[in-house]
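Work through the exercises below with the sequence and the model open. Each task is followed by a stepwise solution.

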Amino acid sequence: MRTSALLAAAAILAAVRLLLQIVVARLPARLSGQVQSQLREHLISAFLQASWSEKAKEKEGHLQELMGGQTYQSGAAVLQLANGLSAALMFLTLAASAFILSPGVAAAVLGTAVALFGGLRPLSRRVRNSSASTSAALVAQASGVAESVRMAEEVQVFGATETERSRISSLVQSLEMHIIRTKTLIAIVPVLYQGAVIALIVAGLAILYAVGTSRLAALGAVVLLLVRASAYGQQLQTSYQGLGEALPYLDRLTSTIERYLANAQRRGDRPIDFVRTVEFESVSFAYKPGLSVLRDITFSIRTGEAIGVVGPSGAGKSTLVQILLRLREPSSGRYLVNQVTAEDIDDATWQRKVAYLPQEPHLLAGTVAENIRFYRDWVGDDLIASSAKLAHIDSDIMTWANGYHTVIGQRADAVSGGQRQRLCLARALAGNPEFLILDEPTSALDSQSEHLIQESLEGLRGKLTLVVIAHRLTTIRLCDRVMVIRDGLLEAFAPAELLYGSNDFYRNAIDLAALGRPI
């Protein structure tokens, strides 16, 4: 009867143990998944909150690698920590049992084992340092591959395929070297630990045998417990090394998140009803201390004006645009909108009133309508259609297989450069902006596409405030006034007809443009 009861109890305990193991096995995996999700959400949130100055520093592929492999490796830290805690608990339980049976033997062996654990710390530090190098190599590889994808067309055209393959291969080989070194160190340390513990147990037994003892049964039990404990000790050591491998990835993620948050875009809270005036008061800007790109620029633009901006390459025109868009803040001086410091204006209000057409516009992988709407749920189908007509792209869209539901992308074969430019102009117009900035909108277009863009801009004159970085004479002709930016200075700002007689750079630029050359 007693034997039957014991067997039944054993069966119940086995079932309970199985259920607990299933729960324990699921919990770390769930925690790891949650940690990875939270890290990714924190990372992308911090990136989106960061200032443009901080975003512009990012290397290609860096954020993608952080969101992928680096976060995955960081999530492994949770699994290693859970495994380590479980192994530590079992190790201590078995060690306590050994102490009950033979305190002296257990204390001697376990004390030496703990000392050995500490003695392996230098190797553990090497694991962490090697893992940090592997993390950096992964980021370098991701950046290299992202650049290779972006430059794929040029690489093929210029016959640089083999050179590019060699470049990426060197990044791959560097990563391989770091991975092999890290994984080798991780594998060696637990093996050394287990071998040393077994050697210590055998040495302890040899000493006891030489001394002699009458408690052989108890001694045998102690040995079995310590051998079992050594297995958990090895598991603990393995988890410790795995944690050391994962922590550099977590460090890189957290430091990047902290950097983004420390350089967050300053948010304003002042509402404005309408963009009436835009002014610079002695505005200067420098990317590096002592190297000003813009210097002491002062001007005022009234609502409804069309303003052209001309100047040689490197004069500071793109920086001027970025300040106007509030992507960057002046290093000194003030940028005012309606006599209010631009940085103090409520962000949501500002973003509804301002639009931008960059020199190299990008398309989303999505439908035409989604590209024009561009994540603005409040832009309805009627606004999409009307902005496409204003941008003279509606007739092209209607010839495509599915009209506004046609799927396009940045490298869509069916979309030409001129069509992409007009699609992105429609995107800029879809929100009914009051202030529109265009960065060289026709500089790389064929004559037909340029003509259509010019027609769109002519139709917008007087309806909103326009600032156009101009490289074409036709663009200059639609402007009420023109700025001449040279060497970071506002050299002149006047109607085009007055500038021709008073500014040498403008006169030469117009004469060249009349010959068909860009300004």
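The exercises cover a sheet, its strand pairing and the helices packed on it.

This is a predicted model, in which local features need pLDDT of at least 70, side-chain atom pairs count only at pLDDT 80 or more, and totals for chains, interfaces and linings use all residues. Residues are numbered from 1 along each chain as its sequence is written, and side-chain values use heavy atoms, with hydrogens and water left out.

**Exercise 1.** Give the strand order of the open sheet and find its edges.

Step 1. Strands are DSSP runs of E of at least two residues, and helices are runs of H or I of at least four, numbered from the N terminus. Two strands pair if DSSP finds at least two bridges between them.
Step 2. The order of the six strands is β6-β9-β10-β3-β11-β12, with mixed pairing.
Step 3. β6 (354-357) and β12 (489-494) each have a single partner strand, so one side of each lacks a neighbour in the sheet.

**Exercise 2.** Determine the sense in which β3 and β10 pair.

Step 1. Four bridges join β3 (residues 306-310) to β10 (residues 465-469), and the sense is parallel.
Step 2. Within β10, I469 is the bridge partner of V309.

**Exercise 3.** Describe how α9 is placed and covered.

Step 1. Contact means heavy atoms within 4.5 Å. α9 packs on the sheet and touches β3, β6, β9 (435-439), β10 and β11 (481-486).
Step 2. Buried means under 20% relative accessible area (1.4 Å probe, protein chains only). In α9 (residues 317-324), seven of eight residues are buried, including L320 and I323.
Step 3. Just after α9, R326 has a positive phi of about 70°.

Conventions: Buried < 20%, exposed > 50% of the residue type's maximum accessible area, 1.4 Å probe, protein only. Axes fitted to C-alpha atoms, helices over the stretch in contact; angles between N-to-C directions.
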